[in-house]
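Hi,

Here's the structure I said I'd pass on.

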Amino acid sequence: YVSQINGCAYCCAFHAQELRDMGISQEVIDKIPGYKHSNVFSKKQFLALELAEAVTFLSEKIEPVKTHLAEYFSEREIVELTTSISLMGALNRLRITLGDKS
């Protein structure tokens with residue numbers, strides 16, 4: 001979702017294929033950008049997507065989302081999730097800046 005927010009075409013294609021390879025249906029992948037209006041995501045998945053959006057936009061919603069995350073994720077998982085989201089944002093910017101060479 002971070003790659004979709006940031007508009008990194010290479011990363012979007014790469015990670016969509018990874019999800020398909022993991023057995024995630026195309027229907028679910030297609031609903032990620034509209035996760036707020038879909039019922040295909042579990043509460044845990046919904047919160048992870050909500051955190052991805054809050055961190056990517058550096059939104060004031062980060063702390064409230066993190067409070068809800070504690071109901072479903074351990075402290076370590078929250079750190080790992082936040083790190084992954086932040087790293088993906090940096091990698092998106094790097095790929096966009098360098099261009100899509102594939």
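Below is what turned up, starting with the pocket and moving on to the rings. Keep in mind that this is a predicted model.

The largest pocket holds about 900 Å³ of space. Its lining is made up of 28 residues, and Y1, V2, L19, I32 and L49 lie nearest the centre. The most comes from α2, with six residues. By type, the lining splits into 19 nonpolar, six polar and three charged residues.

**The rings**

There are three aromatic pairs in the structure. One of them is Y10 with F14, which are stacked, with 6.2 Å between centres and 15° between planes. Both sit in helix α2, four residues apart, so about one helical turn separates them. Y10 is partly exposed at 26% relative accessibility, and F14 is partly exposed at 40%.

Then there's Y35 with F46: their planes are at 65° and their centres 5.2 Å apart, so this pair is edge-to-face. Y35 is in the loop between α3 and α4 while F46 is in helix α4, so the pair ties together parts eleven residues apart in sequence. Y35 is buried, at 1% relative accessible area, whereas F46 is partly exposed at 22%.

**Charges over rings**

R95 lies over the face of Y10, 3.7 Å from the ring centre. Likewise, the charged end of K44 sits over the ring of F73, 4.9 Å from its centre.

Cheers

Terms used:
Residues are numbered from 1 along each chain as its sequence is written. This is a predicted model: local features need pLDDT of at least 70, side-chain atom pairs count only at pLDDT 80 or more; totals for chains, interfaces and linings use all residues. Side-chain values use heavy atoms; hydrogens and water are left out. On a 1 Å grid over the protein atoms alone, a cavity is a set of points where a 1.4 Å probe fits but cannot get out, and a pocket is an open set with protein on both sides within 12 Å along at least five of seven lines; lining residues have an atom within 4 Å of a point. Grid points are joined across faces, edges and corners, and a volume is the space filled by probe spheres set on the points. Helices (H or I, at least four residues) and strands (E, at least two) are DSSP runs, numbered from the N terminus. Ala, Val, Leu, Ile, Met, Phe, Trp, Tyr, Cys and Pro count as nonpolar, Asp, Glu, Lys and Arg as charged, and the others, Gly among them, as polar. Rings of Phe, Tyr and Trp (its six-membered ring) pair if their centres lie within 6.5 Å; planes under 30 degrees apart count as stacked, over 60 as edge-to-face and the rest as tilted. Buried means under 20% relative accessible area, exposed over 50%, partly exposed in between (1.4 Å probe, protein chains only). A charge sits over a ring if NZ of Lys or CZ of Arg is within 6 Å of the ring centre and within 35 degrees of the ring normal.
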